[in-house]
Amino acid sequence: MERVPSTLELSISSFVIGTTIGITFGIVAAVRRGWFDQVTRVMAVALTAIPIFWFALMVLMLFSVQFRILPIGDRCAMTLADSCPPIWERFQYMILPVTVLSIGGVAGYSRVMRASMLDIVSQDYIRTAQAKGLSTRLVWYRHAARNAMIPIATSLGPAITFLISGAVVTETIFNYPGLGKTSIESVTQRDYPVVMALTIYAAVATILGYLLSDILYAVIDPRIRFS
């Protein structure tokens, strides 16, 4: 339990940033078909193909070793014996790990949102809204975007599990004292009770992730509530 806050810092931050930027890029890429669409598609494929451990090492060497802008790691451990400063004072330790964990969400959600938006705009109710004289901004960003987010809600469950599994590599590289680094240490030291606890935690997080996905699916799609 002492390691959970550190992992939640990275997971929640990267999830919010990756989802927000990915959905925004996907909507804009579908609305503005041009150079922005081409650039985001290429960047999405490139970011998806980059391994997490390689990207983490590259940003660590660039910003921490070469330019020395950000700390190389060694964030304080949130244990009972060690007092950690407030989150705004240790924000610089979160920048690189959160960036590494966010690239997968940005790449994945932008591609899914773009494809879903392009499919939604060909529906009859979109043409009806345009025929009524509604503004283009209202049609795209209110009617089309909300229905296009249904596939995003479906993928939220596996995304939470991916963040936990991705944190194993990221926390180890950046020496971040969270559940990922603890799991590596417990497996190496054959600390089986800790391994069992981490397995249960991952299972509970997976169940909660899929439950949240089902709830958001019902919130976004009104047909689920009235069926």
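Biologist: Among contacts in the protein with a separation of 6 or more, what percentage comes from residues 24 or more positions apart?
Modeller: Residues 24 or more positions apart account for 74% of those contacts, where a contact means heavy atoms within 4.5 Å of each other. This is a predicted model, in which local features need pLDDT of at least 70 and side-chain atom pairs count only at pLDDT 80 or more, while totals for chains, interfaces and linings use all residues. Residues are numbered from 1 along each chain as its sequence is written, and side-chain values use heavy atoms, with hydrogens and water left out.

Biologist: How many helices and strands does the protein have?
Modeller: The secondary structure comes to 11 helices and zero strands; both kinds of element are DSSP runs numbered from the N terminus, with helices being H or I runs of at least four residues and strands being E runs of at least two.

Biologist: And what percentage of the residues is buried?
Modeller: Of the 227 residues in the protein, 35% are buried. Buried means under 20% relative accessible area, exposed means over 50%, and partly exposed lies in between, using a 1.4 Å probe and protein chains only.

Biologist: Let's take H2, then: which of its residues are buried?
Modeller: The buried residues of H2 are Asp37, Thr40 and Ala44. They sit on the same side of H2, because they cover an arc of only 65 degrees around the axis, the arc being that of the directions from the helix axis to the C-beta atoms.

Biologist: What do those buried residues pack against?
Modeller: The buried residues of H2 pack against H1 and helix H4, which covers 95–120. The face of H2 turned away from its buried side carries the exposed residues Trp35, Val42 and Ala49.

Biologist: How many residues does H2 have, and how far does it reach?
Modeller: H2 has 15 residues and reaches 21 Å from its first C-alpha to its last, close to the 21 Å expected at 1.5 Å a residue; the expected span is 1.5 Å times one less than the number of residues.

Biologist: Why is the pair of Phe25 and Phe36 called edge-to-face?
Modeller: The planes of the Phe25 and Phe36 rings stand at 90 degrees, with the centres 5.7 Å apart, so the pair is edge-to-face. This pair links distant parts of the chain, since Phe25 is in helix H1 (residues 4–31) and Phe36 is in helix H2 (residues 35–49), 11 residues apart.

Biologist: And how far apart are the ring centres of Trp35 and Phe36?
Modeller: Those centres are 6.0 Å apart, and with the planes at 85 degrees the pair of Trp35 and Phe36 is edge-to-face. Ring pairs thus link Phe25, Trp35 and Phe36 into a cluster; within it, Phe25 is partly exposed at a relative accessible area of 32%, whereas Trp35 is exposed at 67%.

Biologist: Back to Asp37: which side chain meets it in a salt bridge?
Modeller: The side chain of Arg114 meets Asp37 in a salt bridge, 2.7 Å from N to O; the term covers a side-chain nitrogen of Lys or Arg within 4 Å of a carboxyl oxygen of Asp or Glu. Arg114 lies in helix H4 and Asp37 in helix H2, 77 residues apart, so this pair links distant parts of the chain. Both Arg114 and Asp37 are buried.

Biologist: How many salt bridges does the structure hold?
Modeller: The structure holds three. One of them joins the side chains of Arg127 and Asp124 at 2.3 Å, N to O, and these residues both lie in helix H5 (residues 124–131), three residues apart, about one turn of the helix. Arg127 counts as partly exposed at 44% relative accessibility, while Asp124 counts as exposed at 53%.

Biologist: And where do Glu185 and Lys181 lie?
Modeller: Glu185 and Lys181 both lie in helix H9 (residues 179–188), four residues apart, about one turn of the helix, and their side chains meet in a salt bridge of 2.4 Å, N to O.

Definitions and conventions
Phe/Tyr/Trp six-rings, centres within 6.5 Å; stacked < 30°, edge-to-face > 60°.
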